[in-house]
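Please look at the protein shown here and work through the questions that come after it.

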Amino acid sequence: MGQLHIYRRDGESPNWQAQVHLGGRRYRFSCRTTSKSTARRYAQSRLTELENRYNRGLTGLHESVPMSDVFDRYEKEYAPKLRPSSRSRMMQVVRHAREWFEEGPNKGRTVHSITPSDIQALLEYKRADGVGPRTVNIYRANLHRVFQLCVRPWLLIRSNPVDGTEPQPHDARQPLLLSDSEYGALTAACEDQPMLSL
């Protein structure tokens with residue numbers, strides 16, 4: 001899966017160096033030996049270790065990453081990139097999901113142990129709490145975004161558990177058509193603002 005390259009630069013350390021390309025990332029390390037065959041064996045063992053970590057979806061962070069750490073990382077790295085209105089909505093979802101995963105029935109769970117049924121239980125809880133189908137789907141979409149980061153680029157899990165859930169069916173929004181009197185009142189209110197009136 002990974003690509004391994006052994007090299008030694010003239011005029012620098014006599015030890016062999018190794019470079020590994022795996023999962024779109026590059027790893028460099030010193031083999032700390034002047035023997036090329038020993039360096040190759042060492043580098044191959046490191047490559048195998050990296051491949052095993054990658055296959056388990058653990059590259060970059062420790063195996064047992066609690067959901068609280070996932071939400072912390074999301075808030076620090078990605079939430080600031082959102083538009084203010086989107087960030088406000090997303091942080092409301094994160095706050096409720098935190099309560100569910102830190103205080104509710106899933107307290108203390110790690111990200112790699114979360115299943116589609118856990119996500120579905122959260123969505124059904126919100127639905128039973130009086131939240132409409134459209135809002136439940138907003139929760140689902142935002143949770144999908146968080147867990148997709150856990151798949152890539154964070155490489156914490158292999159697949160997104162939200163993919164195993166279905167969106168809530170709901171009626172499409174109907175357009176609101178103004179009456180003649182409402183239209184007249186709207187245009188009259190815009191008379192002093194030509195661009196808005198247009």
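Below are questions and answers on this model.

This is a predicted model, in which local features need pLDDT of at least 70 and side-chain atom pairs count only at pLDDT 80 or more, while totals for chains, interfaces and linings use all residues. Residues are numbered from 1 along each chain as its sequence is written, and side-chain values use heavy atoms, with hydrogens and water left out.

Q: In what order do the elements of the protein run from the N terminus on?
A: Helices (H or I, at least four residues) and strands (E, at least two) are DSSP runs, numbered from the N terminus. The protein has 7 helices and 3 strands. From the N terminus on, the order is β-β-β-α-α-α-α-α-α-α.

Q: What share of the 198 residues is buried?
A: Buried means under 20% relative accessible area, exposed over 50%, and partly exposed in between (1.4 Å probe, protein chains only). By this rule, the buried share of the 198 residues is 34%.

Q: How far apart are the mean positions of the positive and negative charges?
A: Lys and Arg count as positive and Asp and Glu as negative, while His and the chain ends are not counted. Each charge is placed at NZ of Lys, CZ of Arg, CG of Asp or CD of Glu. For the 30 positive and 22 negative charges of the protein, the mean positions are separated by 13 Å.

Q: Which residues is V111 in contact with, leaving aside its neighbours within four places in sequence?
A: Contact means heavy atoms within 4.5 Å. V111 is among the core residues that touch the most other members. Its contacts beyond those neighbours are V65, M67, V70, F147, C150, L156 and I157.

Q: Is W154 buried or exposed?
A: W154 sits in the loop between α5 and α6 (180-189). Its C-alpha atom is 9.8 Å from that of V70, a residue 84 places away along the chain. Because its relative accessibility is 4%, W154 counts as buried.

Q: Which two residues does a cis peptide bond join?
A: The bond has an omega of about 20°.

Q: R32 and L155 both have positive phi; which of them is buried?
A: R32, in the loop between β3 (25-30) and α1 (36-55), has a phi near 55°. R32 is exposed, with a relative accessible area of 71%. L155 lies in the loop between α5 and α6 and has a phi of about 55° although it is not a glycine. With a relative accessible area of 8%, the buried one is L155.

Methods: Core = buried A, V, L, I, M, F, W, Y, C linked by side-chain atoms within 4.5 Å.
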